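Let's take a friendly walk through this structure together. Have the sequence and the model open as you read.

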Amino acid sequence: MVRPGAGALRRLGLLSVREGTERDALDGTGGDADSQPAATDRQRRAVVHRPALVALGVALVVTGALAWAASSSYEDNENRLLTLQVRQAAAALSAALPGLQTPLVADYELAVTGDDTQLRSYAASQVGPKGRFASVSVWQLGASPHPVLVVGDAPELAAHPARAAAFFAGVAPSATLHVAGLLDLARPALGYAEVPPGANAGLAVYAESMLHPATRGATTRGSAFSDLNFALYLGPRPERRQLIEATVPLPITGRQRMEVVPFGDTSITLVATPDQPLGGGLTQNLRWLVVGGGIVLALLAGLTAEFLVRRRRTAERLAAENDRLYRQQRAVAETLQHALLPTELPEVAGVELAARYVAGVRGMEIGGDWYDVIAAGDGTVVLVVGDVSGRGLPAATTMASLRYAVRAYVGQGDEPDRLVAKLDGLLSVGRDGQFATLLCGRLEVASGRLALVSAGHPPPLVAGPDDARYLTVPVGPPVGVGGATRPAAVEVELPAGATLLAFTDGLVERRGEHLDDGLERLRKAADDGAASAGSLLDDVLAQLVPDGGDDDVALLGIRRLR
Amino acid sequence: MTEPEATLAVAEPVPGRLRVVLAGELDVSAVARLRPEIDALLARPAEAVVVDLAGVGFLDSSGLAVLLELAQRFGDVGLSGPSAIVRRVIESAGVAAVLPEVEG
């Protein structure tokens, strides 16, 4: 615990040294991050700490996951809505077929009755800008089918006898509308032929619809399918040459659905793609909102984590600095304390002397405990253990003056009782706010005769080979209290081989404990009959204050050799 | 080690007779903190002082010094209700005669 004197003087500021050297001298915190040069500290402050990066990373991962979920949900939703709308469109398309077929069946019935006037009048309502068809015609079937009655434009099919023959060869009476297919002739058209079931007149009613010139139309805005773009193909496959109509340039790319709808004796393939997000713009943009918001939150999380980490680091640095200052202060106190205590005990024939001083861990100020041994030169040894009340420099300076006063009085030949009485003149609790307890003894080495005086001090212990017991010493008032008369010195004999153990109250005093319990603990610790005074002191300290006590402890042992 | 802070309260139930109530752990740091109040107490005129120690659980040499200061300043100082632990500290310091126990 004792540090070299030069180090202590440096710490006290009595030696001028560079900052770095002083830091090196403080081995208590040496090697610790705290003692790194300031440049490294600045470097460390410039980087982002790991917890902040972790927080940022976690927040970004969460953001990514949420964005993925939003995106996936958007895709699912769009696909579902598209499927639904395309099915509805296909249903609407199927529902349109009877609208084509029914008038043709009616036309056929009129044709069979031969009432041409009524047929013309009726069919006229079906053609033209207001009707469904460009033309309605009645055909005579046979080897070379040809129209016998035409309402509206001339049928495209009539201009192509071979094609007409091929088509009508496959037309038999049935409930099904016969579709001539796309007539990619002078004008693109779609032809239908109707021969109701059971018919045997050798006639067929035939109608043609013109396709949009650019095979391009537009769904009506605001209609149920205004969000969709379509392509309609004749037949069960979306073949380009079978295109009936498209509302977008082909080919259709991206999200699309296909439905095949029965159409007469063939079918229509419907391919649809959304013109705009079917679920609205918000669901489409949700993922970007999540990404944007998530990045902002991630940065905030990172910044918060960084702020907290830095604040904790600062607190740790301050704690380390406080610890360093505490150790420094403690070291100053200890050094000063040891400087005020005897550096070494005198060599006296016939006795073995040992002393210890342990600084308390509670305070960081110097204490007022002391011990001293003075060889009087007439075969006697004077021993003193004392304790000035309070702590800090006032206690230490009073302790030093009392210690040197005792030495002076011993030099003048004063016996312990007279010596203690004279000390009373040096200190007054009313004036100085301090008093001192003191145990003073004079041992005649040859005989073992021991005169003892206690001024408010705990009694000494005699540890023999077999047991340990306290000496009964009448207790007078402490030095500095005055008033009461002091009891005379008590005379006892210290047996050869026994050790007198004098101590200050820090060894036995514990908060919340009766003093007698502490005294008994010490007696038991000293009961084992140690081999030497020094080992007895070490044993006692190890058992009573293994980690240092609250208060300072001064301990003196004197063993009479056999 | 977080005991309640030591406190000092002074009353004067009868003119010239002070009643000082001390409580808590009267150690070196508590005495340092209470120093202004102790000095103010020492400056008051009084014929007799009773110190109520019933609430004092621990008394070290600094706490004892305060009691002894009072005894020197006022002469007639009695202690009321010290615990066995505190009483033992006073006896072992050889100041029981200076700081006698009193009733109430």
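This is a predicted model: local features need pLDDT of at least 70, side-chain atom pairs count only at pLDDT 80 or more; totals for chains, interfaces and linings use all residues.

Residues are numbered from 1 along each chain as its sequence is written, chains are lettered from A and ligands numbered from 1 in the order written, and side-chain values use heavy atoms, without hydrogens and water.

Chain A brings 28 residues to the contact and chain B brings 23 residues, contact meaning heavy atoms within 4.5 Å. Between them the two chains bury about 2000 Å², 60% of it on carbon and sulfur atoms; this is the accessible area (1.4 Å probe) lost on putting the two parts together, summed over both. There are 3 salt bridges between chain A and chain B (a side-chain nitrogen of Lys or Arg within 4 Å of a carboxyl oxygen of Asp or Glu). Asp27(B) makes a salt bridge with Arg511(A), with the closest N and O atoms 2.7 Å apart.

Now look within chain A, at helix 8 (residues 392-411) and helix 9 (residues 416-423). Helices are DSSP runs (H or I, at least four residues), numbered from the N terminus. Their axes, lines fitted to C-alpha atoms over the stretch in contact, with angles running from 0 to 180 degrees between N-to-C directions, lie 10 Å apart at an angle of about 135 degrees. Residues making this contact include Leu402(A) and Tyr409(A) of helix 8 of chain A, and Leu419(A) and Lys422(A) of helix 9 of chain A.

In chain B, the axes of helix 1 (residues 28-42) and helix 2 (residues 61-74) come within 10 Å and cross at roughly 15 degrees.

Terms used: Helices (H or I, at least four residues) and strands (E, at least two) are DSSP runs, numbered from the N terminus.
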